[in-house]
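Q: Could you walk me through the sheet in this one, and then through a residue that sits in a loop?
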Amino acid sequence: MDNGWENSAQAWIDSLGERGDRGDWGRQHVLDPVMIARVSGGRFANALDVGCGEGRFCRMLNGAGVKAIGIDPTPALIEAARKRDPFGDYRLGRAEELEFPDASFDLVVSYITLIDIPDFRAAIREMARVLRPGGSLLMANLTGFTSACCDRGWVTNEEGEHLHFPVDNYLSEYPLWLEWSGIRVVNWHRPLSAYMNAFLEAGLILTFFSEPEPSSGEEEHQERARRVPWFVVMEWQRPG
Ligand SMILES: C[S@@+](CC[C@H](N)C(=O)[O-])C[C@H]1O[C@@H](n2cnc3c(N)ncnc32)[C@H](O)[C@@H]1O
């Protein structure tokens with residue numbers, strides 16, 4: 001099934017700025033500080049970034065001293081990743097079927113990709129398989145509370161005031177076509193329990209959980225971002 005990423009690749013690349021380091025508001029002001037803190041401090045020597053896109057977080061991992069390989073099924077994004085980081089290791093691949101042997105990585109990262117992956121249960125099994133014992137799977141994702149709404153978004157009044165953010169059809173799993181900034185892709189809504197059970201069934205242990213708040217950005221945008229549970233960050237460890 002076409003997930004829209006090949007046709008949206010250029011718009012996605014453009015949205016990250018000329019050098020690919022800008023990121024959208026949520027990455028820049030909410031997620032990056034948490035994600036970078038988790039991968040810093042010499043805890044990990046090597047990493048696999050699953051669904052690396054045009055390589056933004058691989059470049060950040062390398063900057064934090066973690067040698068990263070990025071995989072992504074969208075050819076135009078892998079091509080852009082190689083251009084932006086000619087010495088990096090970027091490969092075409094899908095999360096559901098990783099080409100790497102068991103226990104290859106200290107760290108596996110999924111930075112807002114589980115929502116894009118059709119068979120997320122197979123993907124989580126694969127990510128756990130390629131982790132070495134004691135290694136960590138670090139994931140950031142849109143919460144199910146947000147994806148159960150994001151085809152409609154905020155309810156506003158005539159003055160444009162943001163009234164509330166409705167949640168509907170929360171407990172089911174289903175795909176949605178979403179559009180923003182010239183990007184049109186499929187995102188999968190799943191309740192939090194679907195992800196938690198898949199991590200537990202893969203034999204992983206939860207070691208970090210956060211619904212991060214904005215740490216920078218314009219005050220008005222921050223206030224609005226604090227009203228909705230947009231993101232979740234978790235670190236799951238493969239028992240040693
Ligand atoms: C929202 S982008 C995130 C890119 C990158 N992680 C970042 O934060 O800049 C989602 C990515 O998931 C990738 N993707 C879609 N289906 C996938 C799959 N089955 N396995 C791995 N990645 C997938 C898309 O090609 C896209 O690059």
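A: Two strands pair if DSSP finds at least two bridges between them, strands being DSSP runs (E, at least two residues) and helices likewise (H or I, at least four), numbered from the N terminus. This is a predicted model, in which local features need pLDDT of at least 70 and side-chain atom pairs count only at pLDDT 80 or more, while totals for chains, interfaces and linings use all residues. Residues are numbered from 1 along each chain as its sequence is written, and side-chain values use heavy atoms, with hydrogens and water left out.

Q: What is the strand order of the open sheet?
A: The order is S3-S2-S1-S4-S5-S11-S10, an open sheet of 7 strands with mixed pairing. Its edge strands are S3 (89-92) and S10 (205-210), each of which pairs on one side only.

Q: How many bridges join S4 to S5?
A: There are 6 bridges between S4 and S5 (residues 131-142), which run parallel, and Val109 has Leu138 in S5 as its bridge partner. S4 is also joined to S1 (residues 46-50) by 3 bridges, again in parallel, with Ala47 standing opposite Leu107.

Q: Switching topic, where is Thr113?
A: Thr113 lies in the loop between strand S4 (105-111) and helix H5 (120-130).

Q: Why does Thr113 count as buried?
A: Thr113 counts as buried because its relative accessibility is 6%, where buried means under 20% relative accessible area, exposed over 50% and partly exposed in between (1.4 Å probe, protein chains only).

Q: And which residues is Thr113 in contact with?
A: Leaving aside neighbours within four places in sequence, Thr113 is in contact (heavy atoms within 4.5 Å) with Val50, Gly51, Ala140 and Asn141.
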